[in-house]
Amino acid sequence: MNATVKPAKLIRGVTGDWEMVIGLEVHAQVTSQSKLFSGASTEFGGEPNTHVSLVDAAMPGMLPVINEECVRQAVRTGLGLNAQINLRSVFDRKNYFYPDSPQGYQISQYKSPIVGEGVVEVELDGGHSVSIGIERLHLEQDAGKSLHDQSPTMSYVDLNRCGVALMEIVSKPDIRDAEQAKAYVTKLRSILRYLGTCDGDMEKGSLRADVNVSVRKPGGPLGTRCEIKNMNSINFIGQAIEYEARRQIEIIEDGGVIDQETRLYDPGKGETRSMRSKEEAHDYRYFPDPDLLPLEFSEAYVAGLKAELPELPDQKKARFIEGFGLSPYDASVLVAERESADFYETVLAALTDKARDGKLAANWVINELFGRLNKEGRDIAGSPVSAVQLAAIVDLIGEGTISGKIAKDLFEIVWQEGGDPRALVETRGMKQVTDLSAIEKVVDDIIAANPDKVAQAKAKPQLAGWFVGQVMKSSGGKANPQAVNDLLKAKLGI
Amino acid sequence: MTDLISMTIAEARNGLANKSFTSLELTDAHLAAIEAARALNAFVLETPDKARAMARAIDARIAKGEGGPLAGIPLGIKDLFATKDVRTTACSKILGNFVPPYESTVTSQLWRDGAVMLGKLNNDEFAMGSSNETSCFGPVVNPWRREGSNTSLVPGGSSGGSASAVAALLCMGATATDTGGSIRQPAAFTATVGVKPTYGRCSRWGIVAFASSLDQAGPIARTVRDSAILMRSMAGHDPKDTTSVDRAVPDYEAAIGKSVKGMKIGIPKEYRLDGMPAEVEKLWTEGAAWLKAAGAELVEISLPHTKYALPAYYIVAPAEASSNLARYDGVRYGLRVPGGSIGEMYENTRAEGFGDEVRRRVMIGTYVLSAGYYDAYYLRAQKVRTLIKKDFEDCFAKGVNAILTPATPSAAFGVGEKGGADPVEMYLNDIFTVTVNMAGLPGIAVPAGKDVQGLPLGLQLIGRPFDEETLFSLGEVVEQAAGRFTPERWW
């Protein structure tokens with residue numbers, strides 16, 4: 001876990017190196033049955049305007065009532081981000097007119113958010129890691145959706161999503177390059193999914209990010225930032241940052257100045273373009289929502305949620321490393337997605353001796369299973385080899401019943417045909433030969449037939465490997481390699 | 001006929017229980033009175049069919065002995081309350097012919113207890129006004145006139161329709177709302193009793209919002225007892241309104257006639273205004289004397305931040321209103337005036353849909369919340385509000401049970417007389433009442449006398465939070481001493 005600090009990527013301009021300063025505002029849809037302030041369903045994909053309550057439609061005299069489940073999820077997320085939980089927070093109105101915002105304001109949290117400062121440890125390539133600070137997390141309402149393609153003359157509005165709870169998670173401007181930004185969102189998404197507080201589905205818009213980018217000479221004063229709105233793909237976030245940083249450097253080096261503005265990323269063209277300038281920015285006239293009392297809960301409530309928190313990626317990774325001797329890299333690969341970690345845990349649970357074979361199992365999950373799944377474009381849920389089957393294969397290797405090479409054949413059979421690995425080994429005669437007399441005969445024959453090699457091996461013991469290969473070959477791979485080794489060493493006198 | 005409409009709710013309740021008359025008869029008598037009083041413009045929507053259907057249904061329940069505390073009592077409903085399947089407009093053009101598919105919590109409790117709805121009552125547009133002249137349905141006329149004059153007078157506002165209808169015997173009681181004095185000032189102008197309950201006592205769910213942190217529903221009735229009867233049905237916790245308070249609703253009527261002996265009544269020196277009419281001052285002294293005679297102890301108190309209340313109110317209330325009224329955008333319901341773009345549609349709709357006073361307050365509210373002005377206006381006003389609240393808390397902590405003040409600085413004025421050039425002239429009407437909303441306290445306005453022109457004047461009693469009962473006890477003492485006042489019928 002003692003990762004080294006990897007220097008951030010700098011961009012070389014005509015006047016020298018430039019450093020990027022990046023901060024992210026991630027909007028994560030809270031996993032809950034109903035909306036933040038109404039009982040309407042949060043289900044995705046309903047017919048337009050079928051999940052809309054009187055409150056969501058802002059009918060006259062309607063009042064918001066906080067959904068306690070959303071509060072619970074926000075607190076759990078705050079705990080997962082190692083953040084300060086504020087026992088008292090305030091909902092404010094952010095006032096602006098737009099057809100998909102029926103109240104004419106969004107209920108959000110401005111000055112007093114539910115969660116304060118925290119920190120996320122982010123793994124980078126090559127075993128490096130970086131700490132990214134969390135500025136705050138607050139709860140707010142999502143907007144509805146304007147539909148401009150339904151009529152040649154009119155726009156339509158779908159309010160199904162209107163009022164669904166979002167957590168806005170604001171990072172500190174601690175991110176220094178696109179790789180870090182991508183790794184940060186990946187890690188954040190992983191934590192949310194472990195907690196079950198957001199499904200992290202970026203295609204459905206459950207997780208979106210606004211990216212603030214500025215450039216400066218390394219260590220110099222901060223530059224003017226631009227905000228790239230509404231990114232819903234981790235790869236696009238990386239591309240947009242790269243493009244935007246280069247755009248800003250070019251302007252500055254040409255003697256221009258950066259206008260503080262909101263921009264949009266066009267993935268087709270691979271460029272960002274201006275959406276609105278600072279002058280056009282809204283004055284949201286924030287003020288505390290008089291329909292809602294300040295949100296207050298006790299220390300005991302937070303402690304209760306903390307006690308029930310599931311194991312998070314960092315903790316799981318540490319346990320895998322300490323308990324089974326996994327390399328930090330392998331452990332990171334396994335914990336990155338909750339489903340992968342769960343699969344590995346199921347394999348562990350099914351092993352006969354997990355202390356002995358835990359690391360071997362990790363290798364098999366990562367190299368054989370994930371390798372194969374990736375190759376065929378499948379995800380873990382659709383794996384033809386179950387965790388229990390894989391555990392059985394690892395057991396067979398660990399106990400010495402089959403060799404690693406035979407295990408690969410066995411894996412292939414299970415992948416293609418299914419079945420109980422242990423039974424397959426029996427019926428198909430794949431068992432490793434550990435009968436010393438049988439192996440001894442083969443060893444003797446090969447030694448007898450190759451006196452020149454024997455002489456060489458005696459002079460240079462590393463050459464004994466040639467004999468091992470010959471023995472394995474003539475036994476059809478079933479001879480126990482350890483037994484072969486021992487016998488050869490004894491017979492050759494090395 | 002006259003007998004049926006001039007009864008109090010308490011009297012009608014007995015008559016219905018004795019089967020002296022039916023709710024249908026009572027309802028018909030009121031429907032006829034309403035029809036004959038259209039000159040007052042108190043009702044903006046009469047619902048005779050619904051009224052009769054409700055009356056028949058409750059008659060059947062009464063016959064089976066299943067009445068309810070308000071069984072068969074015909075009431076008027078301020079048009080700010082959403083009434084299911086019945087047009088609700090807040091007396092604004094912008095709501096057009098809006099018919100809500102839901103019923104406000106307060107009115108649904110009235111129907112639960114057996115009351116009958118006669119129709120919807122006029123009010124200032126979105127409850128913004130002190131004379132009921134800002135309604136898109138035109139001004140309400142006060143049934144009271146100056147002696148020897150036939151000048152039309154305002155009934156006060158914003159619950160002008162409620163006050164006028166109750167005073168003119170068009171309904172036995174009415175719902176109203178009070179954001180800065182909208183129940184108590186019209187009650188004082190029409191010799192009716194108006195109760196503004198503690199903030200949180202009545203649910204705001206289903207009431208068109210003006211200023212959420214100040215709005216409270218309450219009754220207007222002809223006697224203190226009647227207002228107590230209505231209060232019991234209107235009050236109560238509502239999980240749909242987070243700001244409503246989960247506290248048992250007492251039997252307010254039981255407070256009527258309770259001794260006020262030994263109660264400490266505060267007389268705030270800051271309410272003695274320069275240029276206050278002598279008769280208002282005299283009435284105030286008289287009211288104090290009545291309470292003293294009933295055994296209460298009078299103490300002079302100080303509410304030092306009173307003078308900042310009105311300016312602070314006219315920052316907080318418009319700020320909240322500017323945001324609350326943002327939903328009237330022509331997109332989902334009500335008036336829509338098309339435009340070339342969405343921005344134009346908003347502008348056209350809101351320019352045509354809102355009247356002058358509403359537009360003025362939306363603009364004030366938008367201004368005081370703007371970046372760079374928020375701290376100087378809104379934040380400061382909130383600080384003033386805290387100080388005003390503390391003024392009252394300090395007095396109550398010293399053992400003061402209630403505070404006696406005039407309800408208004410003058411009697412009713414003529415339609416069109418005030419606020420033409422300077423809106424502040426109109427705002428000054430609320431000088432004695434806004435402090436109560438700013439502090440979230442209960443207040444009651446009780447008729448106490450007349451001015452030299454024969455127009456009614458009222459006194460206000462302000463109570464401790466959730467101690468409406470003391471206000472009913474004290475209010476009845478004033479009522480007993482002052483007597484009741486009924487306008488002479490001219491319409």
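Residues are numbered from 1 along each chain as its sequence is written, and chains are lettered from A in the order in which they are written. In this predicted model local features need pLDDT of at least 70 and side-chain atom pairs count only at pLDDT 80 or more, while totals for chains, interfaces and linings use all residues.

Trainee: Which strands of chain B stand at the edges of the sheet?

Mentor: The open sheet of chain B has 11 strands with mixed pairing, in the order β1-β3-β2-β4-β6-β5-β10-β11-β9-β7-β8; strands are DSSP runs of E of at least two residues, helices are runs of H or I of at least four, both numbered from the N terminus, and two strands pair if DSSP finds at least two bridges between them. A strand with a single partner has one side left without a neighbour in the sheet, so the edges of chain B are held by β1 (43-46) and β8 (297-301).

Trainee: In which sense do β2 and β4 of chain B pair, and over how many bridges?

Mentor: Gly76(B) stands opposite Ala174(B) in β4(B). Strand β2 (residues 74-78) of chain B and strand β4 (residues 173-178) of chain B pair in the parallel sense, over 2 bridges.

Trainee: Why are α6(A) and α7(A) called roughly perpendicular?

Mentor: Axes are lines fitted to C-alpha atoms, for helices over the stretch in contact, and angles run from 0 to 180 degrees between N-to-C directions. Angles under 35 degrees count as roughly parallel, over 145 as roughly antiparallel, 65 to 115 as roughly perpendicular and the rest as oblique. Helix α6 (residues 328-336) of chain A and helix α7 (residues 338-350) of chain A have axes 5 Å apart and pack at about 110°, and the pair is therefore roughly perpendicular.

Trainee: What percentage of the residues of chain B count as buried?

Mentor: A residue is buried if 20 or more other C-beta atoms, placed from the backbone, lie within 10 Å of its own, exposed if 12 or fewer, and partly exposed in between. The C-alpha trace of chain B spans about 65 × 55 × 50 Å along its principal axes. Of its 491 residues, the buried share is 60%.
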